[in-house]
Amino acid sequence: MDVTETQTASPPTKRPVRQLLAASVGNAVEWYDWYAYTFLATYIAAQVFPKSADNSLVPLLSTFAVFAVGFFMRPVGGLLMGAVADRHGRRAALTVTILLMGGSSLLVGLTPTYAAVGVLAPVILVLARLLQGLSVGGEFAASTTFLVESAGPGRRGLFSSFQYVSTTVGQLVASGIATLLVDTLSDGQMNGWGWRVPFVLGAVLSLVGFWIRQGAQETRSAEQQQAPRPGLFEALRRHPRESLLIGGITAGGTIAYYTWTSYLPTYAELNAGLEKSDALLAGTISLAFFALLQPLGGLLSDRFGRRPLLLFFGLGFALLTVPLLHALRDSFAVLLLVQCAGMVLLTGFTSISAAVNAEIFPPRVRAAGIGFPYSLTVALFGGTAPYVGTLFKEMGHAGLFPWYVAVLCLLSSLVYLRLPETAHSPLKR
């Protein structure tokens, strides 16, 4: 019999606060770098890609780099870094991911312009984006496992909630720094060197995260460390049901998350005529509100269980997505209310997704088992949300997008109904 099937729960780590800090700081740095690229993409494109499309290779690289590479490298990162976490320990994987992100961030910051080196410039940027996607996918797999395994009894939901607290903090810091630079520097300075500053800063912050993680305690049990190392595809091969379950749990959550946290300001501009500045301000306020909600959701799940919160999210979005998005009009207050209402519902998923995922897989393949199906689902449904919404708008059927989100959340709710309650069961380690 597999050692993971007979392994009893081991005690939690001795320094839970230090563990929480190690995971949260690293995760915030990872997502700071990820979102900095998004916020400054127009400046990057202007410097790294040519202004004309004389060379067909360059526009292709541009499209590939900006829209596809990052998201679709995340499942690969989830699989590879998850395997590192399962074979060599969670802390080892977290060390690799933070160094990868620091290196890729520095590479973006130092990427030469197209005017200086020609087609080599977008090639370097594509390489940096590959590394960023690899790192972010691996970070989720390793930090999810590390966070939940670090939690004390009855605190897995609370610890899980800091996954999205730190993600949101990284997003807000990236937005703040990008906004500060744009407001204080001239267009010439931003295009010349200003856009590089956040990425160099990201590399420095990665070193801080690396230092903090060096003092973290390994959460993989001694028995697991002595057991034979799992194969790269063992989680998929031996636990196909659990892998599909991760996809079903995540599909509704990821489309709702990317719609409400990333795409909604653009959606409001396209369909309700809001000013860009008002839409972005509402998005920033709602993100701060969202971060504050996460620990509350985690605590509620530790007391009342995971399934009630998941159903609150899934059924709430299935019933309310269409009326909420149709309620949008040229009003800052209405957008803010719609966005905050969605954030309340979304907390039912985001605050506990790390705990739910970790409680599904046995410890032997937990990180890789979570990382690949989760990141693949995010790439298919979360990463494509803005493009699907824009596509519906261009086809003259913008009203279909809310129904698309609602149907996916309804399908995930059917999965939540059949999900066994794991909140009060000991976690095998």
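Residues are numbered from 1 along each chain as its sequence is written. Because the model is predicted, local features need pLDDT of at least 70 and side-chain atom pairs count only at pLDDT 80 or more, while totals for chains, interfaces and linings use all residues; side-chain values use heavy atoms, with hydrogens and water left out.

A pair of aromatic rings is described by the distance of the centres and the angle of the planes. The structure holds 16 aromatic pairs, where rings of Phe, Tyr and Trp (its six-membered ring) pair if their centres lie within 6.5 Å, and planes under 30 degrees apart count as stacked, over 60 as edge-to-face and the rest as tilted. In one of these, the ring centres of Trp-195 and Phe-199 are 6.5 Å apart and the planes stand at 70°, so the pair is edge-to-face. Trp-195 and Phe-199 are both buried, a term that means under 20% relative accessible area, with exposed over 50% and partly exposed in between (1.4 Å probe, protein chains only). The rings of Phe-313 and Tyr-416, with centres 6.4 Å apart and planes at 50°, form a pair that is therefore tilted. Because Phe-313 belongs to helix α15 (residues 306–326) and Tyr-416 to helix α20 (residues 400–418), this pair ties together parts that are 103 residues apart in sequence; helices (H or I, at least four residues) and strands (E, at least two) are DSSP runs, numbered from the N terminus. Phe-313 is buried, at 0% relative accessibility, and Tyr-416 is likewise buried at 0%. Phe-313 and Tyr-416 also belong to one aromatic cluster with Trp-260, Phe-317 and Phe-349.

The ring of Trp-34 has the charged end of Arg-74 over it, 5.4 Å from its centre, and also that of Arg-129, 4.4 Å from the centre. A charge sits over a ring if NZ of Lys or CZ of Arg is within 6 Å of the ring centre and within 35 degrees of the ring normal.

Helix α14 (residues 276–304) packs with α15 at an angle of about 130°, the axes being 7 Å apart, where axes are lines fitted to C-alpha atoms, for helices over the stretch in contact, and angles run from 0 to 180 degrees between N-to-C directions. Helix α14 is therefore oblique to α15, given that angles under 35 degrees count as roughly parallel, over 145 as roughly antiparallel, 65 to 115 as roughly perpendicular and the rest as oblique. The axes of helix α8 (residues 156–184) and α14 come within 7 Å and cross at roughly 170°, so these two helices are roughly antiparallel to each other.

Arg-91, in helix α5 (residues 90–109), is partly exposed, with a relative accessible area of 31%. Leaving aside neighbours within four places in sequence, Arg-91 is in contact (heavy atoms within 4.5 Å) with Arg-213, Gln-214, Ala-216 and Glu-218; Arg-91 and Arg-213 are 122 residues apart in sequence and 7.3 Å apart in space, C-alpha to C-alpha. Leu-380, found in helix α18 (residues 366–382), is partly exposed at 43% relative accessibility, and its C-alpha atom is separated by 8.7 Å from that of Phe-71, 309 residues apart along the chain.
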